[in-house]
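Here is a friendly briefing to read alongside the model. Have the viewer open and follow the topics in any order you like.

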Amino acid sequence: MSTAPLTSNEKIDVCRGLFAFLVVIAHGVDIAWTIHPHAPLAMSPRVHDFWLYVVAAGAYWVIGFFVISGYCIQLSVERQIRDGRFPIKTYLAARLTRILPLYYVALGSAVLFECLMAPARPDCWPHGLNLNTLAAQLFVVQNLSQTFGSFAPSWSITNEMFYYLFYGAVVVVALRRGVRPTTLGMVVCLTAAAGFEWAYFTYFRTNAFIRSPGLLFGLGVIWFQGAMVAEYRDRLRSSRLARAASRLWPAVLLAAMTLWYRHAIHLQVLYLILGAAFTLMLMRFAVADRPGVVAPDRGVVSALIRAVGLASYPTYLFHGPFVMWLGSMMIRLNLVPNDWRITWLTLSAAGIGSGLILGFVAERPLMAWRAGFLKSLKAEAAPRAAGSPSSSPILGIQQGNGRKEFAPQ
């Protein structure tokens, strides 16, 4: 078994799976407390706040997902540009086939589980059990309105879908204007977020049309931080300052968690600090990576990394409805333990375990189908885009040089 350090792509796979598992653990606390409503009341304030603002704060890890997503999509965009042209149709096909097939399967399961748990539904994520919110889920705009019942963890999918579509348009415009897409996207997100925030706090106290879009663009700033790390990764590797700063990412993450635990910052500030922490984390991955090095076969370790990576998306999508239904069955069958922590551990283990299984039985075959579908699309487009390898001064990379970088998105 190889003892070589993990590559950045292997680290990203580990982080994606770990973040999904931590979200399950966080939501396990929420659901366990609704099944054991007296448990949090019996805790001291410090213990209660530790569980609520540290263990049960799944938002930490969702921010990590956004930064990683921006990083991976930028790598994907770089690989697709040829002769200064960007195949927007191929890009959109890649993005939609990545996110939508499993998403709609998970949404269907959410509707089914909501029906099954109706006789004894835990009082968690109680809103959204109606046709309007279901329609919002169908069109992937739920974060602008409300999520459907226990499918609440899918709120971030609206953001991902928007960033995918938005960045595709940004790349097309940027190439025509001769500017860097990541810079243009960052400027637009910063401007829009500031404008919506100003409008909300000055004139329009409405969530649907002002607050939600403001948050969407605000989190987009964090998404583009990840994209910028990908674009400037070669410069970061040669920068002593970047190397020194990137070592601080655990301290910045811990500072964010401590400040949130102590009620010392607003939610928007928390998001900004978390975005900085995970951006520094990706910088650390980039500066420690050796370009062109292919991950060696590590035996069992490689298999575990692949399993964790495959489990990330299905774990995140499916765990809410499934774990809520499991809690419902515990109530209906009178199997609720006396200690709420046993309930929490049971729900968390079930959510993570089901995600690992779905990684093999659902995510892996879908990714295999997607790879074949995209390969056929590229083969059809190749005759139209035939030409010699050329450089892309906008993105600062050489195209057609045989270099491969795996982006798990």
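Is glutamine 137 buried or exposed? Glutamine 137 counts as buried because its relative accessibility is 0%, where buried means under 20% relative accessible area, exposed over 50% and partly exposed in between (1.4 Å probe, protein chains only). Please keep in mind that this is a predicted model, in which local features need pLDDT of at least 70, side-chain atom pairs count only at pLDDT 80 or more, and totals for chains, interfaces and linings use all residues. Residues are numbered from 1 along each chain as its sequence is written, and side-chain values use heavy atoms, with hydrogens and water left out.

**Around glutamine 137**
- Glutamine 137 sits in helix α5 (residues 131-138); helices are DSSP runs (H or I, at least four residues), numbered from the N terminus.
- Setting aside residues up to four places away in sequence, glutamine 137 touches Tyr103, Leu107, Gln142, Thr147, Phe148, Phe151 and Ser154, with contact meaning heavy atoms within 4.5 Å.

**Nonpolar cores**
- The largest nonpolar core holds 82 residues, and Tyr167, Phe278, Leu282 and Leu317 have the most contacts inside it; such a core is a set of buried Ala, Val, Leu, Ile, Met, Phe, Trp, Tyr and Cys residues joined through side-chain atoms within 4.5 Å.
- Helix α3 (residues 59-80) gives the most to this core, with 13 residues.
- A second, separate core has 13 residues, including Phe113 and Met330.
- Beyond its neighbours within four places in sequence, tyrosine 167 has contacts that include Ile73, Val77, Tyr91 and Trp223.

**Glycine 70 in helix α3**
- Glycine 70 belongs to helix α3 and is buried, with a relative accessible area of 0%.
- The C-alpha atoms of glycine 70 and tryptophan 223 are separated by 4.8 Å, although the two residues are 153 residues apart along the chain.
- Not counting residues up to four places away in sequence, glycine 70 touches Trp223, Gly226 and Ala227.

**Serine 328 in helix α13**
- Serine 328 is part of helix α13 (residues 300-332) and is buried, at 0% relative accessible area.
- Leaving out residues up to four places away in sequence, serine 328 touches Met117, Ala120, Arg121 and Pro122.

**Helix α7**
- Helix α7 (residues 181-202) has 22 residues and reaches 31 Å from its first C-alpha to its last, close to the 32 Å expected at 1.5 Å a residue; the expected span is 1.5 Å times one less than the number of residues.
- Among the buried residues of α7 are Gly185, Met186, Cys189 and Tyr200.

Technical notes: Helix = DSSP H or I, 4+ residues; strand = E, 2+ residues; numbered from the N terminus.
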